[in-house]
Amino acid sequence: MEKKNNQKIELELTPDVADGIYSNLALITHSQSEFVVDFTTVMPGVAKARVKSRVILTPQHAKRLMKALSDNIRRYENMFGAIEEREPIPTSFLNTPTTEA
């Protein structure tokens, strides 16, 4: 039987990070050893989107993030109703290549 590690981690949230960034598109690429998530802001009528933040994850952490997001979306929709996907993803962003580490 596996023991759960109940170690508590204290997080520090600095004011500049607490402000957050706005992103309306995330581009995800991967190699065998990592997943790279680029958070961008796409503006109407502007062909270029600037990456606002990049997060690099191990495959294990990427899977944990996926599960945590799925759980939070399920809980959100239970409270507030289904999230509608109103806008299609721009096709120019769908063919992002995988990266090599």
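**Exercise 1. Describe how β1 and β2 pair, and how they are joined.**

β1 and β2 pair in the antiparallel sense, over six bridges. Strands count as paired if DSSP finds at least two bridges between them. Helices (H or I, at least four residues) and strands (E, at least two) are DSSP runs, numbered from the N terminus. A hairpin of four residues connects β1 to β2.

The model is predicted: local features need pLDDT of at least 70, side-chain atom pairs count only at pLDDT 80 or more, and totals for chains, interfaces and linings use all residues. Residues are numbered from 1 along each chain as its sequence is written, and side-chain values use heavy atoms, with hydrogens and water left out.

**Exercise 2. Place the strands in the overall chain order, then assign the faces of β1.**

Step one: count the elements. The protein chain has two helices and three strands. Step two: order them. From the N terminus on, they run α-β-β-β-α.

Step three: take β1, residues 25–30. Leu25, Leu27 and Thr29 form its covered face. Ala26, Ile28 and His30 form the uncovered one. In a regular strand the side chains alternate between the two faces of the sheet.

**Exercise 3. Find the salt bridge that links two strands, and state whether each partner is buried or exposed.**

Start with the criterion: a side-chain nitrogen of Lys or Arg within 4 Å of a carboxyl oxygen of Asp or Glu. Side chains of opposite charge can pair when their charged atoms come close. The structure holds three salt bridges.

Aspartate 38 sits in β2 (residues 35–41) and arginine 54 in β3 (residues 50–57), so the pair ties together parts 16 residues apart in sequence.

Now apply the accessibility classes: buried is under 20% relative accessible area, exposed over 50%, partly exposed in between (1.4 Å probe, protein chains only). Aspartate 38, at 10%, is buried. Arginine 54, at 54%, is exposed.

**Exercise 4. Which residues make the nonpolar surface patch, and how exposed is phenylalanine 80?**

Patches are made of residues with over 30% relative accessible area and no salt bridge; like charges are joined within 9 Å, nonpolar side chains (Val, Leu, Ile, Met, Phe, Trp, Tyr) within 5 Å. The patch consists of Leu65, Leu69, Ile73, Tyr76, Met79, Phe80 and Ile83, covering about 740 Å². Phenylalanine 80 belongs to helix α2. Its relative accessible area is 57%, and it is exposed.

**Exercise 5. Summarise burial and surface for the protein chain.**

Buried residues make up 11% of the 101 residues. The accessible surface comes to about 9600 Å², 55% of it belonging to carbon and sulfur atoms. Accessible areas come from the Shrake-Rupley method with a 1.4 Å probe; for residues, only the protein chains shown count as cover.
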